[in-house]
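Welcome! Take a moment to look over the sequence and the model before reading on. The notes that follow walk through some helices, strands and contacts.

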Amino acid sequence: MAEKKRYNMRISGLGGQGVVTTAHILGSCLDNAGKYASLVPFFGSEKRMAPVEAYVRASTHPIYEVGEVIYPDIIMIYHGQVVTHGKSYTMPFYTGLKPNALIIINTDKDVLSEEDCKVLSDLKATVVQFDATELALKIAGTELATNMAMMGMLLGLTELVTTEHIEKAVRERFLGNSFVASGGTAALDSAIEKKFKKKEQLLAANMEVINKTFEMADSVDITGDELIVRLKV
Amino acid sequence: MSPNKRPVLNKKEVEMNYLLKEAPREQHFITGAQAMSEAVKRANVDMAIAYPITPQSEVMHLVGDVFAQGHIKEYYRAEEELGTMSAIAGAARAGIRLFTATSGPGLIRGLEAIVSWPGHRVPAVLGILTRVINAPLSIQPDNLEMAYMLYSGAVMLHAENQQDTFDFTLAAFAITEKVDVYIPVAVATEGFFVTHAKGYVDMMSEDLVYKPFDPVAAPVPAMDNETPPARIQRDAPVQKSNFMSYLIHSVWQQEIWDSNSRAMKYIYEYLGGPIEVQNPESDIFVVASGCAAAQAREAHRYAQEEGLSVGLIKVKAIRPFPKKEINEVVKNAKALIVPEHNIVGWLSTEIKACIPNGGIVVDGPRVYGGMTLPVELIMYEIYEALGIEHNMKL
């Protein structure tokens with residue numbers, strides 16, 4: 001997939017899952033890889049479990065356009081309730097999806113309805129399903145690394161950047177001092193920092209999650225005709 | 001006025017041409033609001049006046065910081081937007097360089113005073129960071145308010161991105177003070193998409209500053225003890241006969257619009273012209289101003305990648321409107337697609353009115369209420385105009 005010039009991504013999740021953080025880190029990853037990115041966060045009241053969307057454009061060329069991504073070719077769903085409960089600014093979650101798109105859903109069970117599957121099949125989409133939260137718990141020991149698992153899976157499947165670019169971006173985000181986080185995000189930052197004795201350990205745990213998702217992405221073929229690809233964690 | 005001691009800065013005073021075209025620049029990653037205040041920092045502004053009504057941008061807040069750092073001599077916090085704009089007119093009579101900025105409802109509230117500025121020969125720079133002006137409430141960047149400015153007599157520039165916002169604002173200070181212009185210059189850009197988003201801006205050192213305003217060289221004398229207000233008031237047109245009042249008003253306003261036209265040569269001098277054209281030999285053009293030009297630029301690139309005969313016209317100057325320049329480029333065009341961030345389509349109306357075959361203008365795509373203008377909507381119109389089969393479901 002790497003030769004494609006441009007990806008327009010929509011990330012939908014719930015407050016506290018690191019949706020906006022993922023967008024920031026993705027932007028830095030692409031910058032580190034000498035590519036271009038722009039990102040737009042979108043949220044209402046800033047609280048846990050409230051719908052959050054973030055949009056990321058990634059390209060090998062400079063990006064001129066601004067604003068939200070209305071017609072994505074990649075969608076990431078961080079929580080099953082985005083699909084099942086409509087916890088999203090975009091309803092249904094695949095509104096505006098372009099043909100041949102990639103959808104990654106964090107879930108341990110099938111969440112797509114028959115109707116969803118019909119629409120997505122017609123658009124020749126590929127849905128990759130895996131329990132990112134379980135993976136984060138298993139490897140990093142905290143569900144706060146769920147966003148790392150989701151981002152790792154995306155970058156593993158698209159081959160947009162290498163793990164070195166990601167490590168640099170994650171390091172900047174959690175160990176650097178140039179990033180200004182919102183109040184809620186700052187609180188979660190300190191929560192995850194307390195979990196690890198040293199920030200280096202936090203970084204290592206995050207990278208372990210990402211490396212694992214790269215392995216999983218490597219082992220799977222998403223070029224086939226099947227709509228849903230289920231990955232075991 | 002201020003009891004607080006402020007830093008005295010030693011800056012090198014230079015001409016606008018040197019500042020804009022020759023001074024070495026360094027790249028910064030800043031918001032559009034920062035870009036505008038950075039331009040003000042280098043413009044040797046004597047006085048900033050504001051009362052930012054919500055929704056505003058951060059511009060006048062940042063200009064307050066610029067004042068505190070010593071780059072501006074005075075900052076007056078007015079009562080509200082009508083007070084702000086009236087204070088600008090009053091302060092102009094003292095022969096000083098002035099800056100204010102406003103947004104959406106604030107602009108509309110100040111409009112009564114603003115439309116009197118050109119007739120009063122007020123050389124000020126007005127930043128317009130567009131916001132929704134009508135109900136239901138939204139604080140997003142709809143640019144309908146610019147339509148209300150079109151017949152004010154002011155020169156109007158529309159910036160595409162953060163870099164334009166910086167360059168246009170600086171150039172505006174030189175244009176507004178030209179003896180053969182001497183009317184206000186408005187620099188507009190979209191709120192949020194440009195003002196709140198970061199982009200790359202090449203800026204010259206802040207040790208350089210535009211040469212100070214020279215009230216002696218100005219075509220309207222500053223009021224002081226030699227030229228007291230009463231002396232001017234004595235000859236007020238309304239104190240003459242009705243006939244004199246009509247006559248003075250009519251020749252006066254003709255002169256204002258001539259001044260507006262004469263600003264064009266300075267738009268060429270400082271900004272390289274009122275329009276930017278890509279692929280001038282194309283069959284169809286996307287014509288856009290402000291932030292819509294960024295979306296149009298993206299659509300233009302997609303069209304190039306698909307080998308389509310599509311050009312781009314970015315309209316930088318809304319007043320004076322580049323009639324001659326647009327006509328020259330589009331004389332063989334088959335369709336003009338005009339994407340806009342407002343419901344009325346003021347830009348497409350302007351374009352239709354200035355070409356002999358207005359029927360080639362495609363009305364839209366338009367988004368309003370401050371919605372994102374998807375590039376896909378422009379591509380859809382391109383395919384339709386070229387008669388290309390597509391399966392875009394938008």
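Which residues of H10(B) are buried? They are B:Cys291, B:Ala292, B:Ala293, B:Ala294, B:Gln295, B:Ala296, B:Arg297, B:Glu298, B:Ala299, B:His300, B:Arg301 and B:Ala303. Here a residue is buried if 20 or more other C-beta atoms lie within 10 Å of its own, exposed if 12 or fewer, and partly exposed in between, with C-beta atoms placed from the backbone.

Before going further, a word on the source. This is a predicted model, in which local features need pLDDT of at least 70 and side-chain atom pairs count only at pLDDT 80 or more, while totals for chains, interfaces and linings use all residues. Residues are numbered from 1 along each chain as its sequence is written, and chains are lettered from A and ligands numbered from 1 in the order in which they are written.

Helices (H or I, at least four residues) and strands (E, at least two) are DSSP runs, numbered from the N terminus. Helix H10 of chain B covers residues 291-305, and with 12 of its 15 residues buried it is mostly covered. Its buried residues pack against strands E8 (185-190), E11 (275-278), E12 (284-288) and E13 (310-315) and against helix H13 (375-386), in chain B. Just after H10(B), B:Gly307 has a positive phi of about 70°.

Helix H4 of chain B spans residues 81-92. Its buried residues are B:Glu81, B:Thr84, B:Met85, B:Ser86, B:Ala87, B:Ile88, B:Ala91 and B:Ala92. Among the elements of chain B that cover them are E3, E4, E5, helix H5 (104-114) and strand E6 (124-130).

The table sets out the lengths of these two helices; the expected span is 1.5 Å times one less than the number of residues.

| Helix | Number of residues | End-to-end C-alpha distance | Expected span |
|---|---|---|---|
| H10(B) | 15 residues | 22 Å | 21 Å |

Strands of a sheet pair through backbone hydrogen bonds, either parallel or antiparallel. Two strands count as paired if DSSP finds at least two bridges between them.

One open sheet of chain B has seven strands in the order E4-E3-E5-E6-E8-E7-E14, with mixed pairing. Its edge strands, E4 (74-77) and E14 (317-319) of chain B, each pair on one side only. On average, neighbouring strands of this sheet are turned by 20° against each other, direction ignored. Within it, E3 (residues 47-50) and E5 (residues 98-102) of chain B run parallel and are joined by two bridges. B:Met47 stands opposite B:Leu98 in E5(B).

Another open sheet of chain B, also mixed in its pairing, has five strands in the order E11-E13-E12-E15-E16. E11 and E16 (361-362) of chain B stand at its edges with a single partner strand each, so one side of each has no neighbour in the sheet. Three bridges pair E12(B) with E15 (residues 335-337) of chain B in the parallel sense, and B:Val286 has B:Ile337 as its bridge partner in E15(B).

Two helices lie across this second set of strands. Helix H11 (residues 323-330) of chain B lies across E11, E12, E13 and E15 of chain B, at about 10° to E11(B). H13(B) lies across E12, E13, E15 and E16 of chain B, at about 170° to E15(B). Axes are lines fitted to C-alpha atoms, for helices over the stretch in contact, and angles run from 0 to 180 degrees between N-to-C directions.

In chain A, the axes of helices H6 (residues 163-175) and H8 (residues 199-218) come within 10 Å and cross at roughly 145°. The residues of this contact divide into nine nonpolar, three polar and three charged. In this grouping, Ala, Val, Leu, Ile, Met, Phe, Trp, Tyr, Cys and Pro count as nonpolar, Asp, Glu, Lys and Arg as charged, and the others, Gly among them, as polar.

Strand E3 (residues 51-59) of chain A is largely enclosed by the rest of the structure, because eight of its nine residues are buried. Nine bridges pair E3(A) with strand E1 (residues 6-14) of chain A in the antiparallel sense, and A:Gly13 stands opposite A:Val52 in E3(A).

A:Leu102 belongs to strand E5 (residues 102-106) of chain A. Why does A:Leu102 count as buried? Because it has 21 C-beta neighbours inside 10 Å.

Finally, seven residues of chain A are in contact with 12 residues of chain B, where contact means C-beta atoms, placed from the backbone, within 7 Å. On the chain A side, these residues are four nonpolar, one polar and two charged.
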